[in-house]
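Hi everyone, thanks for making the time.

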Amino acid sequence: MTVLPDDGLELASEFPDVPHEQWQRLVAGVLRKSGEEVEGADAEEALTTALEDGLRTRPLYTARDAAPDPGLPGFAPYVRGSRPEGNTAGGWDVRQRHTTLADGAVLADLENGGTSLWLVLGEGGIPVDGLGRALEGVYVDLAPVVLDAGRDTGRAAEALLRLYADKGVDAGAVRGNLGGDPLGYEARTGTALDFAPYAALAARCAEEHPGLRALTVDALPYHEAGGSAAQELGASLATGVAYLRELTEAGLSVEQAAGQLEFRYAATADQFLAIAKLRAARRLWARVAEICEAPGAQVQHAVTSPVMMARRDPWVNMLRTTVATLAAGVGGADAVTVLPFDHALGLPDAFSRRIARNTSTILIEESHLARVVDPAGGSWYVERLTDELAQVAWEFFRTIERDGGQAAVLRSGRIRCDLATTWAQRSKKLARRREPVTGVSEFPLLAEKPVEREAAPEPPSGGLPRVRRDEAYEELRARSDAHLAATGARPRVFIATIGPAAAHTARSTFASNLFQAGGIEPVADGRFEDSGATEAVLCSSDALYAEHAEEAAESLKAAGARHVFLAGRPAEYAGVGSYVFAGCDAVDVLSATLDRMGVS
């Protein structure tokens with residue numbers, strides 16, 4: 001009789017290790033049943049997923065997938081966190097963003113879970129002279145304030161420092177960031193700013209306000225222009241290096257200069273990539289700091305991605321921001337801003353702001369996410385992805401440096417071209433629904449009542465574009481909405497099924513979802529003549545298509561159908577005009593369909 005260990009935790013120790021090759025053989029056997037003949041490493045490769053930047057996610061990670069030693073939390077290279085205690089002391093900083101003087105909104109955030117404020121001032125935000133009103137009733141010695149004022153940073157900074165003085169806040173107790181980011185502003189607007197005033201602010205902060213930073217390295221302009229994770233990291237690294245050069249040339253020590261920077265990154269619902277991005281960012285900056293002989297801990301502010309926020313079925317954005325916030329927390333961000341679910345629609349209301357606040361609160365207080373330092377540490381997948389992403393981002397950073405630095409690539413148009421190329425590739429995946437957008441390209445709800453919000457102030461523009469994952473489908477849906485308003489009905493397509501439900505349900509469901517993504521209402525009941533549709537889609541099995549597709553297509557045309565689709569891979573069936581299938585260019589199909597229907 002075998003005696004179990006006292007702790008009962010080593011039950012698997014009696015079993016032999018399973019060779020990696022044995023697992024590959026089992027994978028090959030499963031793939032063979034689906035008609036794919038592969039062996040060995042090719043079987044594993046068949047299950048890999050391609051990411052941006054040439055990265056690939058494999059189906060299995062083991063101890064064989066070694067990555068460089070990430071060190072310990074709070075020590076170089078800071079992969080595992082910038083502080084030894086991580087966020088265990090009280091969770092991350094819950095930083096709420098405000099662009100208007102909404103009555104009571106600032107205090108409501110701080111009284112109900114928010115721990116700091118991110119105030120957008122000047123263009124696209126609160127008037128600079130309204131800063132005092134925005135902070136009325138706020139204990140500014142307790143709640144750090146982060147400014148985002150673009151070309152008005154100087155005026156906004158003076159107003160904030162004067163407010164601290166008027167309230168009697170000790171200079172050493174001031175916390176926050178004045179938000180100077182001239183290269184970020186140039187990326188947004190195409191307008192270059194003189195760095196000298198920002199250097200003066202940094203020198204003042206270093207001498208008089210040791211807890212206040214003067215500069216933000218904002219990577220959001222590159223993310224929002226369609227950039228990949230590596231491009232976002234590389235651009236932020238190049239910007240940070242540019243600021244170090246400017247500050248040291250202005251007379252600050254390299255230690256003082258590094259202490260004036262805070263980095264802002266996007267957190268997406270691709271949780272593992274978001275976790276790896278924040279970890280890689282700290283590693284990369286630690287490498288820069290090592291070269292410069294400066295302190296290497298990077299202060300990070302993560303913001304849930306505006307690119308992923310959908311305008312249709314916006315309630316799903318709550319789920320996206322929850323996953324993104326989880327990723328930011330696990331990735332070790334020092335501060336996290338959760339954009340309200342209605343961010344893409346205009347100004348958030350009190351409900352959406354409350355949900356945004358509570359997203360962080362639940363993850364910190366109820367899910368206990370902050371009780372562990374670096375929860376992802378030791379994951380073979382995360383450690384390997386962090387290393388691979390850091391390598392690609394470093395190479396992108398080096399190409400920027402070779403081309404003269406961040407300012408040079410902004411002014412030459414090179415960075416715009418790089419980001420546009422990446423976005424064009426991603427747009428193809430979105431169009432083919434290889435990257436699904438729930439509630440938009442997948443499982444849309446045509447009957448949903450639109451969520452309406454007061455228009456938000458227009459943000460600065462003129463530089464890099466702002467993209468959204470839903471933009472191609474939003475255009476199609478807008479055409480359908482206009483048609484509904486003009487005629488009282490949406491454009492329709494008739495779902496013509498052949499055979500029993502078991503033969504057609506999968507494809508009729510697929511076709512219905514696809515056409516609804518373009519605002520085209522599927523009609524599945526009754527006869528074509530009574531449907532109000534001008535086009536139809538045949539749905540059945542391949543076997544029944546071979547017997548009945550041509551006859552059914554001719555029958556539909558005789559009944560008045562101007563165009564007949566078939567749900568399935570392209571073949572040669574008389575009477576069928578085009579085919580819809582998983583992986584087809586849905587945007588192209590839907591746009592052409594609306595064109596034929598006269599929906600403009």
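Let me start with how the helices got their names: helices are DSSP runs of H or I with at least four residues, and they are numbered from the N terminus. Please also keep in mind that this is a predicted model.

With that naming in place, let's go to the second largest pocket, whose volume is about 700 Å³. It is lined by 28 residues, and those closest to its centre are Thr268, Asp270, Leu273, Arg426 and Glu435. Which helix gives the largest share of that lining? The answer is α11, with three residues. Several elements supply at least two lining residues each: β1 (49-50), α9 (229-249), α11 (271-292), α14 (380-402) and α16 (414-431).

Rolling a probe the size of a water molecule over the atoms shows where empty space is left. How many cavities of 30 Å³ or more are there? The count comes to two.

The largest cavity has a volume of about 160 Å³. Its lining holds 20 residues, and Gly86, Asn87, Gly329, Gly332 and Asp374 lie nearest the centre. Helix α12, residues 316-331, gives the most to this lining, with three residues. By class, the lining of the largest cavity has seven nonpolar, eight polar and five charged residues.

The second largest cavity has a volume of about 60 Å³. Around it you'll find Gln96, Arg97, His98, Asp109, Thr337, Val338, Leu339, Pro340, Pro348 and Arg353. Here the largest share, three residues, comes from strand β3. The lining of this second largest cavity divides into four nonpolar, three polar and three charged residues.

On to the packing. The largest nonpolar core has 113 residues, and the members that touch the most others are Leu121, Leu135, Leu389 and Ile415. If you'd like to zoom in on one, take Ile415: leaving aside residues up to four places away in sequence, Ile415 touches Tyr222, Phe396, Ile400, Val409, Leu410 and Leu464. There is also a second, separate core of 52 residues, with Phe565, Ala586, Leu594 and Val599 among them.

What about the aromatics? The model has 12 aromatic pairs. One of them is Tyr61 with Tyr381, a tilted pair at 4.9 Å centre to centre, with 35° between the planes. This pair links distant parts of the chain, 320 residues apart: Tyr61 sits in the loop between β2 and β3, and Tyr381 in helix α14. Are these two tyrosines buried or exposed? Tyr61 has a relative accessible area of 13%, so it counts as buried. Tyr381 is at 18% and therefore counts as buried too, since the cut-off is under 20%. Together with Phe272, Tyr61 and Tyr381 form one aromatic cluster.

Next, have a look at helix α6, residues 182-189. Why can we call α6 largely enclosed by the rest of the structure? Because eight of its eight residues are buried. The buried residues of α6 include Pro182, Tyr185, Glu186 and Arg188. Their cover includes β6 (176-180), α7 (196-208), α8 (220-224), α9 and α15 (406-412).

Most residues other than glycine have a negative phi, and most peptide bonds are trans.

First stop, the peptide bond from Ala76 to Pro77, which is cis, with omega near 5°. Pro77 is found in the loop between β2 (56-57) and β3 (93-98). Tyr78 has a positive phi of about 65° although it is not a glycine, and Tyr78 also has its place in the loop between β2 and β3. With a relative accessible area of 14%, Tyr78 is buried.

Next stop, Glu293, another residue other than glycine with a positive phi, near 60°. Glu293 is in the loop between α11 and β9 (300-304). Whereas Tyr78 is buried, Glu293 counts as exposed, at 71% relative accessibility.

Methods: Residues are numbered from 1 along each chain as its sequence is written. This is a predicted model: local features need pLDDT of at least 70, side-chain atom pairs count only at pLDDT 80 or more; totals for chains, interfaces and linings use all residues. Side-chain values use heavy atoms; hydrogens and water are left out. On a 1 Å grid over the protein atoms alone, a cavity is a set of points where a 1.4 Å probe fits but cannot get out, and a pocket is an open set with protein on both sides within 12 Å along at least five of seven lines; lining residues have an atom within 4 Å of a point. Grid points are joined across faces, edges and corners, and a volume is the space filled by probe spheres set on the points. Buried means under 20% relative accessible area, exposed over 50%, partly exposed in between (1.4 Å probe, protein chains only). Ala, Val, Leu, Ile, Met, Phe, Trp, Tyr, Cys and Pro count as nonpolar, Asp, Glu, Lys and Arg as charged, and the others, Gly among them, as polar. A nonpolar core is a set of buried Ala, Val, Leu, Ile, Met, Phe, Trp, Tyr and Cys residues joined through side-chain atoms within 4.5 Å. Contact means heavy atoms within 4.5 Å. Rings of Phe, Tyr and Trp (its six-membered ring) pair if their centres lie within 6.5 Å; planes under 30 degrees apart count as stacked, over 60 as edge-to-face and the rest as tilted.
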